[in-house]
Amino acid sequence: MDATRPSEQLSTESAVTADDSAGFRPALLRLRLLGPVAAWREGQGVPLGPPLQRATLCLLASQPGQVVTKAKLIGGLWDGPPPKTAAQSIYTYIAGLRRVLEPGKGPRGPFSALLNRSMGYVLLRESLRIDAEDFQRGLQDARRLRAADDYEGSLKAFDAAWELWSGPALCGVPGPFADAERIRLEELRLAAGEDRADVLLHLGRHQEAAEGLTDLVSNAPVRERARELLMIALYRCGRQAEALNSYVEIRTLLADQLGVDPGERLRTCHELILRNDPRIDPPGSGEIHLSGPSTASSPEKDPHTPRQLPRDIGLFVGRTEELRRLRSLLAPGNGDPSQAVVAITGTAGAGKSALAIHAAHAVRDAFPDGQVYANLLGATPGVEQLGPLDVLGRLLRALGTRPEAVPSEPDEAATMLRDRLQKRRVLIVLDDASGPDQVRPLLRMPLGTAVLITSRESFSIADDCVPLRLATMPPDEALAMLSALLGASRVAIDSSDAAELVRVCGGLPLALRLAAARLTDRPHAPLGDLVRRLRDRRRILHELEAGEITIRASLELSYDLLSRSPRPIDQAAARALCHLGVLHIPSIAPDILAALLDASSAEAERCVDRLVRAHLAETDEHGRVLLHDLVRLFAMEMAERHLNDGTRRDALERALGLYGVTARLAMKLMDPQRVHPAYTFAEREPVPLAGLQDAHAWLGRESANILAAAAQAMSSPDHSVARTGAHLAFSCHWPLAYTGHRNDVRVMHQQALRVGERTGDQNVLALAHGYLGTSLHFMGREEEALAHLRTELALQRSQRDRFAEMKALGNMSVTYSLMERYEEALSCSQAQQEIAREIGSEVGARHSLLGIGWAQFGLGDLPASMAAACDLHTLAREAGDRMHEAEALCSMARVRFEEDAPGPACDLFEQALLLSREVGYRDAVPRILTHLGRSRRLLGHIEVALACFREALTVGRELGDESWEAAAAKELALLDGSDHLDSAGPKGEEQVDAIGHR
């Protein structure tokens, strides 16, 4: 443990963040009721607590701005007679909700979102936004537009409202109120589905209406209006028999379940369908008594009808949603002509061409005047891509134009093509376009013509074009594809290896096909053999090849198109891809890429944007670069091939340096009093962090990347890079420890220890022993920790570093206290205090007081323990050292508790908890909550005590803090009679008394 902070005091992140500034108002809480109940603030999920607390929020949110009495709350939460503790439980749930709604307010407020009123509570409307209210407002807008005959606008409003649903309403919420509210909201949803279908019928989109109504009727089979609309939709799709059968079905259901006959409207609809009455023919509204059928005549057939689609793939599996969308875009299914231009884009090997051909075959009957196909050669090695005039010429010749009649100017050729396509229904498939420029003349064709394009480049900026980005396949679809290629029995026999093969291939269809080809050549080989070879990143790109088709070749082509382009941005993007292969981390922020490239963040972002448009990379919501696993391996190969050793080393050092200096800035914001050893990093300005919240957010985003970067550097044979990796590990120790990465930190320092041993660097060796000892101490492994701390102390003394010696003594004192070796703990803290006074280290002096107080407490000298804690509190407040202030409060509270004064102890523990949460000191939370729960229990506040212990148990598990997890579990078991100890971890019971101090 670092001497500037004791081991018990590990930080907490909390849903509650203090802000005492004038006029503070927390960010609006967004509450989802239309699905699993959840809440977000500024895009981050907010924990809503146990099910009954969520039910309380739902009940209050159903009547915003109105008083909800306690009696109504109790009646809405419990079926039958409520428990005796119901009133106290309501108080606990209200307190929990206030922490969610107004983070930063203390337990006594004042509150401005959830207010006390006589006999109950009122939740102010402006404190949160509820999706159920948005849904109802959306329905009102949609119905208003429908009444004004704005059917397109009405449909958009219905769709926007419909998208708010993500599952059954109030999912996971118990109680009578939730049951009744679910029924009410479901009725609104069903009525909205009927109204939406009616609008679709007005718009002539009968197939879409039929699909939605089929789902609706299957969930609510006796709704007569839904059934009537479904019958009309089916009839207009030419499915008269199915429409009549639907009527027979509901007539039987109504008779069997309710003993009634269908209503008059439904009977009338049935009779009209039986007679093929023109009043229900399109176009018109979904109401009965419609205008007559359309008299639009079919265009005269051209004697030259091209049928140029390549043969469909025999084993096409998956892409269900994409196919559904393509069908709806290319062939709406209501008899109306298509006017769609769709571009399927995605990375190499995503299956763009296969999907396009399969979709084209699926809709070809909607294009009786022909289907035209052209390979534009936009990404074909060694072949020049087709120019716009070449493309137009091919299409004109396919449609019967004599070669000599094709104009020599692109504009004239485009005009002729539009003329040839007038009053015809033609599907044009343009495979492998280099980008929008190559096909721009084809983006505005006459009504009835559909154009389907595939490209590795993004089409998001193309006018009058619907881009459909093809991602990797979901695991279930990828497994189904593998079964189709290899045979279901072979995959079933090796199901776990098949699932791993899908994972290793990253859901990339080309990779799966190549892997299947390898296995087909070896019909008796277990799937596990190939999986083991593919796990070796040095072999995977070699293994995924069949003949001239390889993953590597496909990716090389995308890279070459950039690197050989005359455009500077393309060349910069190719260089960026090489540098992305230098740093092996899950995701790379633009700041880090800028460091790798030794460029500005703006330049890095432009490179990222270009790689995304070329479908060689993706970005997350924070703009960080994400690479498919196979693209990442390819980028690593490109880094080895195109960057020399010095360039790669310098790029890595710059990225490590940026992580290091930013981690130190984050630590300064989290704990300004902490003193870091001096590490030398490459000169980089840290990522800008405005305050504590920024620091925690940055660490939350980058912790996995920091761990991976440090591990990569420390495994480098280059001693300089390895030392930089160790220094990064040391710089990130406290930021990561405070945010709960206990095991990660331990592994990181074990690697740093090996760096010190390998390089012979005594400073790295000493620090690695010290930080590893601290990490083991976090995990309750005090004997192992003590051995490392003793080694650190000896090394620091040999280097005559008095500050480091002082820190080592403080760490040993904390460890001795946890081992109940209080005399040795006291001796170490006193020696620490002496050095602190000698070298003038105020933070060391404060830490020594904490250690002295703990040791005296363990020795039973409560007055001496209280005196040390009070001195620490005074010094910490004067220095603005909020973490030591929180620890002082906790130590004072423990003494008061031991003196049989639970009331004063409770007040002190609550102050310590609030302060710990304010500074993000998460590791202290389970310990303080457990002590607070014990104090509350002695005061008879059982429900509040239970809430404390439950939260302590949850946070302890999240942190991997077995000691305080076990302590909380034991307290819960004593209070509610359930056995929580089984999940408390192997050291649970024996650690409770050792750390909990009774």
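Okay, hi everyone. Keep in mind as we go that this is a predicted model.

Let's start with the strands. E1 covers residues 29–32 and E2 covers residues 38–41, and the two pair antiparallel over four bridges. If you're looking for a landmark there, Leu 31 sits opposite Ala 39 of E2. The hairpin joining E1 and E2 has five residues between the strands, and in it Gly 35 takes a positive phi near 145°.

Now, E2 has another partner. Strand E3, residues 44–46, runs antiparallel to E2, with three bridges joining them. Ala 39 turns up again here, with Val 46 as its bridge partner in E3. So what sits between E2 and E3, and which residue there has a positive phi? That hairpin has two residues between the strands, and Glu 42 is the one with a positive phi, near 55°.

Right, on to the helices. Leu 669 belongs to helix H27, which spans residues 645–670. Leaving out neighbours within four places in sequence, Leu 669 touches Leu 689, Gly 691, Leu 692 and Ala 695.

Gln 751 is another one to click on. You'll find Gln 751 in helix H31, residues 742–759. Its relative accessibility is 14%, and because the cut-off for buried is under 20%, Gln 751 counts as buried. Again skipping neighbours within four places in sequence, Gln 751 has contacts with Ala 711, Met 714 and Ser 715.

Last stop, a helix pair. In general, you describe two packed helices by the angle between their axes and the distance between the axes. For H34, residues 802–818, and H35, residues 822–839, the axes come within 8 Å and cross at roughly 155°. That angle is why we call H34 roughly antiparallel to H35. The H34 and H35 crossing is left-handed. Who makes the contact? From H34, the list includes Phe 803, Met 806, Leu 809 and Tyr 816, and from H35 it includes Ala 825, Cys 828, Ile 835 and Ile 839. Taking the whole contact between H34 and H35, the residues split into twelve nonpolar, five polar and four charged. Among the charged ones you'll see Arg 802 on H34 and Glu 824 on H35.

That's my tour, thanks.

Conventions
Residues numbered from 1 in each chain as written. Predicted model: local features only at pLDDT ≥ 70, side-chain atom pairs only at ≥ 80, totals over all residues. Heavy atoms only, no water. Buried < 20%, exposed > 50% of the residue type's maximum accessible area, 1.4 Å probe, protein only. Contact = heavy atoms within 4.5 Å. Axes fitted to C-alpha atoms, helices over the stretch in contact; angles between N-to-C directions. Parallel < 35°, antiparallel > 145°, perpendicular 65-115°, else oblique. Left-handed = near helix turned anticlockwise from the far one by under 90°. Pairing = 2+ DSSP bridges.
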